[in-house]
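Hi,

Here is the structure I said I would pass on.

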Amino acid sequence: MVPEWNACVIGPGVSCFHNLNRLALPTGGTMMVFGLAGGLRSEAQTGRVLQIHSVRNIDGSILEPTASLSVFGIGGSIPSAVVACVNDVVHSPSAKASLAHRTGASLVDMESANIAQWCLANNWKWCMVRAVLDGPNDTLPPEIMNWCDQNGKLNVWAMLRSVLFHPGLIAALRWLARANRIAGDALRSVLGHPVSILAKSH
(Lines give C-alpha, C1' and ligand atoms only; values in the text may rest on other atoms or scores of the structure.)
Protein backbone atom coordinates (compact mmCIF):
# COMPACT_ATOMS: atom_id res chain seq x y z
CA MET A 1 0.00 0.00 0.00
CA VAL A 2 2.89 2.37 0.77
CA PRO A 3 5.92 0.47 -0.58
CA GLU A 4 8.17 3.55 -0.51
CA TRP A 5 8.27 3.28 3.29
CA ASN A 6 10.16 -0.01 3.02
CA ALA A 7 8.13 -1.50 5.85
CA CYS A 8 8.09 -5.19 6.68
CA VAL A 9 4.96 -6.97 5.45
CA ILE A 10 3.99 -9.44 8.15
CA GLY A 11 1.04 -11.21 6.57
CA PRO A 12 -2.62 -11.73 7.45
CA GLY A 13 -4.21 -13.16 10.55
CA VAL A 14 -2.33 -15.42 12.91
CA SER A 15 0.42 -15.91 10.30
CA CYS A 16 1.74 -12.46 11.21
CA PHE A 17 2.84 -13.86 14.60
CA HIS A 18 4.99 -16.50 12.90
CA ASN A 19 6.26 -14.03 10.30
CA LEU A 20 7.42 -11.68 13.04
CA ASN A 21 9.42 -14.58 14.47
CA ARG A 22 11.06 -15.10 11.07
CA LEU A 23 12.33 -11.52 11.08
CA ALA A 24 14.70 -12.50 13.91
CA LEU A 25 14.24 -9.15 15.64
CA PRO A 26 16.24 -8.52 18.82
CA THR A 27 14.47 -8.91 22.13
CA GLY A 28 13.09 -5.55 23.19
CA GLY A 29 12.22 -2.59 21.03
CA THR A 30 9.39 -0.34 19.90
CA MET A 31 7.23 -1.09 16.88
CA MET A 32 4.75 0.97 14.92
CA VAL A 33 2.24 -1.10 12.98
CA PHE A 34 0.17 0.38 10.17
CA GLY A 35 -2.14 -1.08 7.61
CA LEU A 36 -5.77 -1.58 6.66
CA ALA A 37 -8.87 -2.37 8.66
CA GLY A 38 -12.58 -2.66 8.09
CA GLY A 39 -14.98 -0.08 9.42
CA LEU A 40 -17.80 -1.14 11.73
CA ARG A 41 -19.40 2.21 12.56
CA SER A 42 -20.28 5.41 10.74
CA GLU A 43 -17.12 7.19 11.91
CA ALA A 44 -14.99 4.55 10.15
CA GLN A 45 -15.53 5.20 6.44
CA THR A 46 -13.09 4.43 3.62
CA GLY A 47 -9.95 6.54 3.97
CA ARG A 48 -10.39 7.41 7.65
CA VAL A 49 -7.15 6.99 9.62
CA LEU A 50 -7.34 6.06 13.30
CA GLN A 51 -4.81 5.12 15.95
CA ILE A 52 -5.67 2.09 18.02
CA HIS A 53 -6.77 2.81 21.57
CA SER A 54 -7.33 -0.85 22.44
CA VAL A 55 -7.76 -4.27 20.85
CA ARG A 56 -10.73 -6.50 21.65
CA ASN A 57 -9.56 -10.04 20.98
CA ILE A 58 -11.87 -12.84 19.93
CA ASP A 59 -11.30 -14.53 23.31
CA GLY A 60 -12.67 -11.46 25.12
CA SER A 61 -9.33 -10.09 26.29
CA ILE A 62 -8.44 -6.41 25.91
CA LEU A 63 -4.96 -5.37 24.79
CA GLU A 64 -3.71 -1.78 24.90
CA PRO A 65 -0.76 -0.14 23.10
CA THR A 66 2.39 0.25 25.16
CA ALA A 67 4.05 2.99 23.07
CA SER A 68 3.15 6.37 21.62
CA LEU A 69 3.33 7.47 17.98
CA SER A 70 5.47 10.37 19.17
CA VAL A 71 8.36 7.89 19.54
CA PHE A 72 8.41 7.83 15.73
CA GLY A 73 8.19 11.59 15.36
CA ILE A 74 4.51 11.55 14.46
CA GLY A 75 2.71 14.54 15.91
CA GLY A 76 -0.78 15.87 15.58
CA SER A 77 -3.99 14.49 16.90
CA ILE A 78 -5.00 11.24 15.22
CA PRO A 79 -8.44 10.12 16.43
CA SER A 80 -8.42 6.87 18.37
CA ALA A 81 -10.61 3.80 18.04
CA VAL A 82 -11.14 0.32 19.41
CA VAL A 83 -10.41 -2.51 16.97
CA ALA A 84 -11.91 -5.99 17.15
CA CYS A 85 -9.51 -8.75 16.11
CA VAL A 86 -11.18 -11.75 14.46
CA ASN A 87 -10.12 -14.89 12.59
CA ASP A 88 -12.16 -14.42 9.41
CA VAL A 89 -13.01 -11.54 7.10
CA VAL A 90 -16.23 -9.78 8.11
CA HIS A 91 -17.87 -9.47 4.69
CA SER A 92 -21.28 -7.90 5.05
CA PRO A 93 -22.81 -4.77 6.61
CA SER A 94 -25.05 -6.89 8.84
CA ALA A 95 -22.08 -8.89 10.15
CA LYS A 96 -20.18 -5.66 10.77
CA ALA A 97 -23.08 -4.16 12.70
CA SER A 98 -23.37 -7.31 14.82
CA LEU A 99 -19.64 -7.28 15.64
CA ALA A 100 -19.76 -3.59 16.55
CA HIS A 101 -22.67 -4.26 18.90
CA ARG A 102 -20.93 -7.20 20.59
CA THR A 103 -17.54 -5.57 21.04
CA GLY A 104 -18.08 -1.79 21.04
CA ALA A 105 -15.36 -1.58 18.38
CA SER A 106 -15.30 0.82 15.43
CA LEU A 107 -12.76 -1.18 13.42
CA VAL A 108 -12.05 -4.82 12.63
CA ASP A 109 -8.88 -6.58 11.56
CA MET A 110 -7.24 -9.99 11.79
CA GLU A 111 -3.77 -9.04 13.03
CA SER A 112 -3.85 -6.60 15.94
CA ALA A 113 -4.20 -9.10 18.79
CA ASN A 114 -1.58 -11.41 17.28
CA ILE A 115 0.87 -8.53 16.98
CA ALA A 116 0.18 -7.35 20.52
CA GLN A 117 0.70 -10.87 21.87
CA TRP A 118 3.96 -11.24 19.95
CA CYS A 119 5.19 -7.94 21.39
CA LEU A 120 4.27 -9.02 24.90
CA ALA A 121 6.14 -12.30 24.48
CA ASN A 122 9.25 -10.59 23.07
CA ASN A 123 9.42 -7.50 25.28
CA TRP A 124 8.51 -5.08 22.50
CA LYS A 125 6.41 -1.97 22.91
CA TRP A 126 3.90 -1.22 20.18
CA CYS A 127 1.52 1.31 18.73
CA MET A 128 -0.81 0.95 15.76
CA VAL A 129 -2.46 3.04 13.07
CA ARG A 130 -5.15 1.72 10.73
CA ALA A 131 -6.62 3.19 7.55
CA VAL A 132 -10.14 2.07 6.71
CA LEU A 133 -10.45 0.08 3.48
CA ASP A 134 -14.10 -0.94 3.60
CA GLY A 135 -16.66 1.10 5.50
CA PRO A 136 -19.54 -0.26 7.60
CA ASN A 137 -21.92 -0.36 4.62
CA ASP A 138 -19.48 -1.95 2.18
CA THR A 139 -19.53 -5.62 1.23
CA LEU A 140 -16.28 -7.50 0.63
CA PRO A 141 -16.08 -10.43 -1.81
CA PRO A 142 -16.09 -13.71 0.16
CA GLU A 143 -13.21 -14.89 -2.05
CA ILE A 144 -10.91 -12.13 -0.79
CA MET A 145 -9.37 -14.40 1.88
CA ASN A 146 -7.78 -16.46 -0.91
CA TRP A 147 -6.17 -13.48 -2.64
CA CYS A 148 -3.34 -13.06 -0.15
CA ASP A 149 -0.75 -15.67 0.82
CA GLN A 150 0.58 -16.28 4.32
CA ASN A 151 3.36 -13.75 3.75
CA GLY A 152 0.93 -10.98 2.89
CA LYS A 153 1.68 -11.03 -0.84
CA LEU A 154 -1.07 -10.82 -3.47
CA ASN A 155 -1.82 -14.19 -5.04
CA VAL A 156 -2.64 -12.99 -8.54
CA TRP A 157 -3.56 -16.43 -9.87
CA ALA A 158 -6.04 -17.03 -7.06
CA MET A 159 -7.63 -13.66 -7.74
CA LEU A 160 -7.86 -14.36 -11.48
CA ARG A 161 -9.42 -17.76 -10.82
CA SER A 162 -12.07 -16.10 -8.67
CA VAL A 163 -12.85 -13.63 -11.44
CA LEU A 164 -12.99 -16.42 -14.02
CA PHE A 165 -15.69 -18.24 -12.08
CA HIS A 166 -17.40 -15.07 -10.84
CA PRO A 167 -17.11 -12.34 -13.51
CA GLY A 168 -19.17 -9.99 -11.33
CA LEU A 169 -16.07 -9.60 -9.16
CA ILE A 170 -14.56 -7.27 -11.76
CA ALA A 171 -16.60 -4.39 -10.34
CA ALA A 172 -15.51 -5.33 -6.82
CA LEU A 173 -11.85 -5.31 -7.88
CA ARG A 174 -12.22 -1.82 -9.30
CA TRP A 175 -13.80 -0.65 -6.08
CA LEU A 176 -11.10 -2.33 -3.96
CA ALA A 177 -8.31 -0.74 -6.03
CA ARG A 178 -9.86 2.69 -5.55
CA ALA A 179 -10.44 2.14 -1.82
CA ASN A 180 -6.86 0.91 -1.39
CA ARG A 181 -5.54 4.02 -3.12
CA ILE A 182 -7.67 6.28 -0.92
CA ALA A 183 -6.49 4.50 2.24
CA GLY A 184 -2.83 4.66 1.18
CA ASP A 185 -3.05 8.37 0.39
CA ALA A 186 -4.72 9.01 3.73
CA LEU A 187 -1.93 7.21 5.61
CA ARG A 188 0.71 9.26 3.80
CA SER A 189 -1.10 12.46 4.66
CA VAL A 190 -1.69 11.67 8.34
CA LEU A 191 1.60 9.96 9.19
CA GLY A 192 3.81 12.04 6.94
CA HIS A 193 5.90 10.67 4.08
CA PRO A 194 8.35 9.09 4.37
CA VAL A 195 8.18 7.29 7.69
CA SER A 196 11.89 6.62 8.09
CA ILE A 197 11.86 4.36 11.14
CA LEU A 198 9.15 1.76 11.67
CA ALA A 199 10.80 -0.21 14.44
CA LYS A 200 13.41 0.74 17.02
CA SER A 201 15.51 -1.57 19.14
CA HIS A 202 16.54 -0.65 22.62
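Two residues are in contact here if they have heavy atoms within 4.5 Å. Keep in mind that this is a predicted model.

Leaving aside neighbours within four places in sequence, E64 is in contact with H53, S54 and W126. E64 also comes within 9.5 Å of A113, C-alpha to C-alpha, although 49 residues separate the two in sequence.

W126 turns up again around V55. Not counting residues up to four places away in sequence, V55 touches S61, I62, L63, V83, C85, S112, A113 and W126. V55 is also one of the residues with the most contacts inside the largest nonpolar core, along with M31, L107, I115 and C119. That core has 24 residues. Two or more residues each come from α1 (15-22), β1, β2 (49-56), β4, α3 (112-121) and β6. Which of them gives the most? That is α3, with 5 residues.

Now the strands. β6 (124-134) is mostly covered, with 10 of its 11 residues buried. β6 pairs with β1 in the parallel sense over 10 bridges, and R130 is the bridge partner of G35 there. With β2, the pairing of β6 is antiparallel and runs over 3 bridges; V49 has A131 as its bridge partner in β6.

There is 1 aromatic pair by the rule I used. The ring centres of W118 and W124 are 6.1 Å apart and the planes are at 50 degrees, so the pair counts as tilted. Both W118 and W124 are buried.

Next, the helices. In α2 (residues 93-103), the buried residues are K96, L99 and A100. They lie on the same side of α2 because they cover an arc of only 100 degrees around the axis. What sits over them? The cover on the buried residues of α2 includes β1 (29-39), β4 (80-85), β5 (107-109) and β6. On the face turned away from that buried side, α2 carries the exposed residues S94, H101 and R102. Just after the helix, G104 takes a positive phi of about 75 degrees.

Helix α5 (residues 169-191) has 23 residues. From first C-alpha to last, α5 reaches 32 Å, close to the 33 Å expected at 1.5 Å a residue. Buried residues in α5 are L169, A172, L176, A179, A183, G184, A186, L187 and L191. After α5 comes G192, again a glycine with a positive phi, this one near 90 degrees.

Is E143 buried or exposed? Its relative accessibility is 17%, so E143 counts as buried, the cut-off being under 20%. E143 and R161 are 18 residues apart in sequence, and their C-alpha atoms are 10.0 Å apart in space.

If you open the model, I would go to E64 and its contacts with H53, S54 and W126, then move on to V55 and the core.

Cheers

Methods: Residues are numbered from 1 along each chain as its sequence is written. This is a predicted model: local features need pLDDT of at least 70, side-chain atom pairs count only at pLDDT 80 or more; totals for chains, interfaces and linings use all residues. Side-chain values use heavy atoms; hydrogens and water are left out. Buried means under 20% relative accessible area, exposed over 50%, partly exposed in between (1.4 Å probe, protein chains only). Helices (H or I, at least four residues) and strands (E, at least two) are DSSP runs, numbered from the N terminus. The arc is that of the directions from the helix axis to the C-beta atoms. A nonpolar core is a set of buried Ala, Val, Leu, Ile, Met, Phe, Trp, Tyr and Cys residues joined through side-chain atoms within 4.5 Å. Rings of Phe, Tyr and Trp (its six-membered ring) pair if their centres lie within 6.5 Å; planes under 30 degrees apart count as stacked, over 60 as edge-to-face and the rest as tilted. Two strands pair if DSSP finds at least two bridges between them. The expected span of a helix is 1.5 Å times one less than its number of residues.
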